[in-house]
Amino acid sequence: MNLALIDIVALVFFVSVWVIYTQFARLRARTTYSLSHILRQLRIDWMRTLTRKEHQIADAALLGNVERTVTFFASSTVLVLAGVLTLLASADKVVEVLHSIPYTADTAPDKVQFKLAVLSLLFVFAFFKFTWSIRQFGFVSVLMGAAPQYRSTEFTDEQREIFARQAAKVIDQAGHEYNNGLRSYYFALAYLCWFIHPYLFIASTAVVVAVLYRREYRSKVLRALLATKGWEPGPIKENGESQ
């Protein structure tokens, strides 16, 4: 199998953009208000409230809802992966379908198999991210069970604050893994365009990054979430919690 130069460039561009954007989003969240930043603050508030409540039934239900959502994506990823692996044995038929689509670049069964193999790796990556997120949400369940009781006098306010922040950090890490799994789905959609044409692959990758950036830093829901704290999109203010 010999990939054309434009195919190699498109694949390198795809991987580079994914890695660079992931690092960019992680670093930018430290200096600019984003969904990940405001959600971290709200999770701290949630855990603070938890340590001052007599019952945590509603909190357990909320956590269960989030965990079921992640479980759904993990299960769906297995089904998608099974479908992709099945297509590997039908590369000839896939080529026939692709040739019937206008403006599709010339391809061959071995190239289709290679592209499907790489696509399967994307979903394997997503599966590992989702399952690790599920495990971490399970750790949060343990933390909620061990949370300082409302009427307990064994814990000082400082100890409650430390617990709230550390528990929120575990939830935050679980949320990040879930987000990484979802991001894999977004990029997988862009990857599908490679079966049509490498130029379309490059363009769709750029569109996905633009969509992710807008939702993380310019979306209406971000403005609404920030408004709960009296903040606005932009650089993190000095009086805004960031630790």
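1. Helix 1 (residues 5–28) and helix 7 (residues 198–217) have axes that come within 9 Å and cross at roughly 10°. Axes here are lines fitted to C-alpha atoms, for helices over the stretch in contact, and angles run from 0 to 180 degrees between N-to-C directions. Helix 1 is therefore roughly parallel to helix 7; angles under 35 degrees count as roughly parallel, over 145 as roughly antiparallel, 65 to 115 as roughly perpendicular and the rest as oblique. On the helix 1 side the meeting residues include Phe13, Phe14, Val17 and Tyr21, and on the helix 7 side they include Phe201, Ile202, Thr205 and Val209. By class, this contact of helix 1 with helix 7 has 17 nonpolar, one polar and three charged residues. Contact means heavy atoms within 4.5 Å. Ala, Val, Leu, Ile, Met, Phe, Trp, Tyr, Cys and Pro count as nonpolar, Asp, Glu, Lys and Arg as charged, and the others, Gly among them, as polar.

2. On the source: this is a predicted model, in which local features need pLDDT of at least 70 and side-chain atom pairs count only at pLDDT 80 or more, while totals for chains, interfaces and linings use all residues. Residues are numbered from 1 along each chain as its sequence is written, and side-chain values use heavy atoms, with hydrogens and water left out.

3. Helices (H or I, at least four residues) and strands (E, at least two) are DSSP runs, numbered from the N terminus. The C-alpha trace spans about 70 × 35 × 25 Å along its principal axes. Of the 243 residues in the chain, 41% are buried. Buried means under 20% relative accessible area, exposed over 50%, and partly exposed in between (1.4 Å probe, protein chains only). Among contacts between residues at least 6 apart in sequence, 81% join residues at least 24 apart.

4. The largest pocket has a volume of about 1200 Å³. Of the 38 residues that line the largest pocket, the closest to its centre are Leu35, Ser36, His176, Asn179 and Glu216. A pocket is, on a 1 Å grid over the protein atoms alone, an open set of points where a 1.4 Å probe fits, with protein on both sides within 12 Å along at least five of seven lines; lining residues have an atom within 4 Å of a point. Grid points are joined across faces, edges and corners, and a volume is the space filled by probe spheres set on the points.

5. Helix 1, helix 2 (35–50), helix 3 (57–88), helix 6 (157–192), helix 7 and helix 8 (220–227) each supply at least two residues of the lining of the largest pocket. Helix 6 gives the largest share, twelve residues. By class the lining divides into 18 nonpolar, eleven polar and nine charged residues.

6. Asparagine 179 lies in helix 6. Asparagine 179 is partly exposed, at a relative accessible area of 29%. Its C-alpha atom is separated by 24 Å from that of tryptophan 194, 15 residues apart along the chain.

7. Two residues of helix 5 (109–145) can be read together. Glutamine 136 has its place in helix 5 and is buried, with a relative accessible area of 8%. Not counting residues up to four places away in sequence, glutamine 136 touches Val170, Gln173, Ala174 and Glu177. Tryptophan 132 lies in helix 5 and counts as partly exposed at 37% relative accessibility. Leaving aside neighbours within four places in sequence, tryptophan 132 is in contact with Phe139 and Glu177.

8. Lysine 53 sits in the loop between helix 2 and helix 3. Lysine 53 is partly exposed, with a relative accessible area of 25%. Beyond its neighbours within four places in sequence, lysine 53 is in contact with Asp59 and Tyr150. The C-alpha atoms of lysine 53 and proline 148 are separated by 9.5 Å, although these residues are 95 residues apart along the chain.

9. Tyrosine 103 is worth a look in the loop between helix 4 (91–99) and helix 5. Tyrosine 103 has a positive phi of about 65° although it is not a glycine, and is exposed, with a relative accessible area of 80%.
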